[in-house]
Amino acid sequence: DNVEDKMGHVQYALFYIFAGIAATFAQFMLAPVSLVPIIGASGAISGVAGAYFILYRNSKIKTLILKGLLITTINLPVWLFLGAWFAIQVLSGFLLHDSSTQGGVAWFAHIGGFIFGVLIALFIKQQDNFRDIIT
């Protein structure tokens, strides 16, 4: 809801749709013969994660961790949590490039959606900075 609050409801809806389209395009361009069916929802959510990564990078994300046999939570910085998540997507995409071993995950859609979200968020931040300068 933070990204939606920042963008506004209508702009967020458009952003979400275009993030899904960008994610689908990335999957098709990087794995054109993939047999993984693509719906686009996880790529669109990855776009939201990419925007959050830029717009709220100093925030914390409550994360479940395994500590021995106990499951507990810790607060991790957004840049660390989402940076590690993105690295996993990239490694998985390129290491599991063969569609027979992907397990039904469109890794490149996640990558494309995330990058789309990052780029849109950078544009938003640039406009915010410009607005601050002229006011």
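# Briefing: a pocket, a salt bridge and a nonpolar core

The largest pocket has a lining made up of K6, M7, Q11, F15, I120, F123, I124, Q127, D128 and R131. The model is predicted, so local features need pLDDT of at least 70 and side-chain atom pairs count only at pLDDT 80 or more, while totals for chains, interfaces and linings use all residues. Residues are numbered from 1 along each chain as its sequence is written, and side-chain values use heavy atoms, with hydrogens and water left out.

**Overall layout**

- The protein chain has 5 helices and 2 strands. Helices (H or I, at least four residues) and strands (E, at least two) are DSSP runs, numbered from the N terminus.
- Starting at the N terminus, the order of elements in the protein chain is α-α-α-β-β-α-α.
- Along the principal axes, the C-alpha atoms of the protein chain fill a box of roughly 55 × 40 × 20 Å.
- Of the 135 residues in the protein chain, 36% are buried. Buried means under 20% relative accessible area, exposed means over 50%, and partly exposed lies in between (1.4 Å probe, protein chains only).
- Among contacts in the protein chain between residues at least 6 apart in sequence, 65% join residues at least 24 apart. Contact means heavy atoms within 4.5 Å.

**The largest pocket**

- The space in the largest pocket is about 200 Å³. A pocket is found on a 1 Å grid over the protein atoms alone, as an open set of points where a 1.4 Å probe fits, with protein on both sides within 12 Å along at least five of seven lines; lining residues have an atom within 4 Å of a point. Grid points are joined across faces, edges and corners, and the volume is the space filled by probe spheres set on the points.
- At least two lining residues come from each of α1, α2 (9-30) and α5. Helix α5 gives the largest share of the lining, 6 residues.
- By type, the lining of the largest pocket has 5 nonpolar, 2 polar and 3 charged residues. Here Ala, Val, Leu, Ile, Met, Phe, Trp, Tyr, Cys and Pro count as nonpolar, Asp, Glu, Lys and Arg as charged, and the others, Gly among them, as polar.

**The salt bridge**

- The structure contains 1 salt bridge. The term stands for a side-chain nitrogen of Lys or Arg within 4 Å of a carboxyl oxygen of Asp or Glu.
- K6 and D128 form a salt bridge through their side chains, at 2.5 Å from N to O. K6 belongs to helix α1 (residues 2-7) and D128 to helix α5 (residues 107-134), so the pair ties together parts that are 122 residues apart in sequence.
- K6 is partly exposed at 38% relative accessible area, whereas D128 is buried at 18%.
- Side chains of opposite charge can pair when their charged atoms come close.

**The nonpolar core**

- The largest nonpolar core consists of 20 residues, and V3, M7, F15, A51 and L82 have the most contacts inside it. Helices α1, α2, α3 (41-55), α4 (78-95) and α5 each supply at least two residues of this core. The largest share, 7 residues, comes from α3.
- A nonpolar core is a set of buried Ala, Val, Leu, Ile, Met, Phe, Trp, Tyr and Cys residues joined through side-chain atoms within 4.5 Å.
- In soluble globular proteins, nonpolar side chains tend to be buried together.

**Single residues**

- F15 lies in helix α2 and is buried, with a relative accessible area of 5%. Apart from neighbours within four places in sequence, F15 is in contact with M7, G47, V48, A51, F116, G117 and I120. F15 and V48 are 33 residues apart in sequence, with their C-alpha atoms 8.5 Å apart.
- S46 is in helix α3 and is buried at 3% relative accessibility. Not counting residues up to four places away in sequence, S46 touches W85, H110, G113 and F114.
- Q27 is part of helix α2 and is buried at 1% relative accessible area. Its C-alpha atom is separated by 9.3 Å from that of G43, with Q27 and G43 16 residues apart along the chain.
- I88 lies in helix α4 and is partly exposed at 48% relative accessibility. The C-alpha atoms of I88 and M7 are 28 Å apart, and these residues are 81 apart along the chain.
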